[in-house]
Amino acid sequence: MDVAGALDNLPAGSLISYTVQGVDEYGNGHTSGSVTLAATVHARASASSSQVAAVTLSPGTDGSSSFSFTVTRSGRYSMFITLTGSGEFTGATTSVGSNPTNISVSAEETNPLSSVFFSVASASASAGARTTSELQEVDAYGNLRTVSQESFAVSLEGPYSSAANVTDIGQGKYTITYAPTRSGSYAVRVTTSAASFTAPNFQLDVSASIPAAPASLREDFSTYRGGETVGSVNRTNYFAVKTADRFGNPLSVGGYVAGFSFQMLYCTDPLAACVGQASQQGGSLSRVKVVDLGSGYYGMEYLSTVAGYFAASILYESVHIFDSPWDINVNAGLTDSAASYAFGPGLSTCSDVIIAPSVSAVMLCHPASLATPSTFDVRLIDVFGNERQTYSSQDAVKFSVRSGLVFYNPTAVQNSSLVITTNGDVISQQFDDGLHRITFVATISAFYSTSIQHGEVTSCNPECEVSNIRNLEDISNTPAQ
């Protein structure tokens, strides 16, 4: 038996065909009938090793038979052919030709590129960092190509698309260089003249870079909230900063607390813009602290015994974060009734009174009417001596008359009370600057002893009735005369 048409070093995926011609003992070829064969292809030079291709047998009519198979993986293989000793040619099973016959299969190098292989299946990078990966050409069956013959483009696909630089380094290998600026996961798309496909075995994970002050900003986190604009005396106040890198990617990890600094400067003029005219007031802040909260957040804490406006600044690596500096208003603490005081014209020796027509003047008092009431104000002070400069829903001031001594009015009755607009105790009107105002009208010329008390509001309807106020205590200059 002769083996004809044997091929070697074929591209992967090629159809490999062999023909076996029957001959007699003298070498004369048969011209009719067929030979009955068995043919197998193995990964190693042993007929007992695993087979790597299915063989198709085709009996002939001219004394020959053929068979074919396809191997898609590059490498060296062994083929075994035997005459089975049945059919027209009888006898024992006999090997045909040189058994085994070695076959060499190489990667397919001529068809357009249809896939690539990365030496590392995944890569990580920081946003904006120049990063390089290596890829290898492969054929349609996954065999590594060794001839650099393709011209193709590579781009990253993910949160946004960006092109990568491609450099041919020979032997079917290329380096791609990229520097994506947005965090997230990316795939690699390869585009050739004939096809566009996604690399099957590669993923790039891009994380945020280091914090950048201009991209970081104040943002609530857990219990760190509220203190970025308003604080309270003698209480730790909290707010948080969310970090981001120079491309605006939010950081998800901590570890940069050492780069942060936080300061608060007292404003010399609370009615002017705080930033730009602030100065350090010694002892005003007993604690300013920065803590790492994790997840890219940093907590700011401060405690002050001085009320007022402060210019707050947060810097990272000596650069202000977004919207820094800004104003923080630290409110006065709990009111100290004994330190609070009343002032104003309504507390003068002679308030405005209604005068009888026959009387021209009474102790230098000025004529008045029910339409022109008397007023005085009360300034609340906390236990640290700070004036309350903001509205407080927890504070109220009550004004009442203890006694009255009529000094001139023949028709008046001794110990008459002030006639006031509410026909009872007067509760203060509070303004946005924390000032409490008492308004009353005196209808009888007299010398009055009054009570001015501060209390806590438990609930307040539009009239803020006295029954809603508890823990009443005299202020510093009560009883007022």
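**Entry 1: two phenylalanines**

I looked up phenylalanine 376 and phenylalanine 399, and found both of them buried. I was working in a predicted model.

**Entry 2: aromatic pairs**

I searched the whole structure for aromatic pairs and got 16. I then took up the rings of phenylalanine 262 and tyrosine 302. Their centres are 6.3 Å apart and their planes stand at 65°, so I noted the pair as edge-to-face. The cut-off for that label is over 60 degrees. Where do phenylalanine 262 and tyrosine 302 lie in the chain? I placed phenylalanine 262 in strand 23, residues 260-267. Tyrosine 302 belongs to strand 26, residues 297-304. Are phenylalanine 262 and tyrosine 302 buried or exposed? Both are buried.

I went back to phenylalanine 376 and phenylalanine 399. Their ring centres are 5.2 Å apart and their planes are at 75°, so this pair is edge-to-face. Phenylalanine 376 sits in strand 31 (residues 374-379) and phenylalanine 399 in strand 32 (residues 395-406), so the pair ties together parts 23 residues apart in sequence.

Next I followed ring pairs into a cluster. Its members are Phe239, Phe262, Tyr302 and Trp326. The charged end of arginine 218 sits over its ring, 4.0 Å from the centre.

**Entry 3: salt bridges**

I counted nine salt bridges. Which residues does arginine 145 bridge to? One partner is glutamate 108, with the closest N and O atoms 3.2 Å apart. Arginine 145 lies in the loop between strand 13 and strand 14, and glutamate 108 in the loop between strand 10 and strand 11, so the bridge ties together parts 37 residues apart in sequence. Both residues are buried.

Arginine 145 also forms a salt bridge with glutamate 137, where the closest N and O atoms are 3.2 Å apart. Glutamate 137 is buried too, like arginine 145.

I then looked at arginine 379 and glutamate 387. Their side chains meet in a salt bridge at 3.9 Å, N to O. Why does arginine 379 count as buried? Its relative accessibility is 10%, and the buried label needs under 20%. Glutamate 387 has 33%, so I wrote it down as partly exposed. Last, I noted that bridges with shared partners join Glu108, Glu137 and Arg145 into one network.

**Entry 4: strand 16 and its partners**

I picked strand 16, residues 173-178. Five of its six residues are buried, so the rest of the structure largely encloses it. I looked up its pairing with strand 13, residues 131-138. The two strands pair in the antiparallel sense over six bridges. In this pairing I found threonine 131 opposite tyrosine 178 of strand 16.

How many bridges join strand 15 to strand 16? I found five, and these strands run antiparallel. Here asparagine 165 stands opposite threonine 177 of strand 16. Strand 15 and strand 16 form a hairpin with two residues between the strands. In that hairpin, glutamine 171 takes a positive phi near 60°.

**Entry 5: the whole chain**

The protein chain has zero helices and 37 strands. It holds 481 residues, and 41% of them count as buried. I also took contacts between residues at least 6 apart in sequence, and 67% of these join residues at least 24 apart. The accessible surface comes to about 23600 Å², with 51% of it belonging to carbon and sulfur atoms.

Note on methods:
Residues are numbered from 1 along each chain as its sequence is written. This is a predicted model: local features need pLDDT of at least 70, side-chain atom pairs count only at pLDDT 80 or more; totals for chains, interfaces and linings use all residues. Side-chain values use heavy atoms; hydrogens and water are left out. Rings of Phe, Tyr and Trp (its six-membered ring) pair if their centres lie within 6.5 Å; planes under 30 degrees apart count as stacked, over 60 as edge-to-face and the rest as tilted. Helices (H or I, at least four residues) and strands (E, at least two) are DSSP runs, numbered from the N terminus. Buried means under 20% relative accessible area, exposed over 50%, partly exposed in between (1.4 Å probe, protein chains only). A charge sits over a ring if NZ of Lys or CZ of Arg is within 6 Å of the ring centre and within 35 degrees of the ring normal. Two strands pair if DSSP finds at least two bridges between them. Contact means heavy atoms within 4.5 Å. Accessible areas come from the Shrake-Rupley method with a 1.4 Å probe; for residues, only the protein chains shown count as cover. A salt bridge is a side-chain nitrogen of Lys or Arg within 4 Å of a carboxyl oxygen of Asp or Glu.
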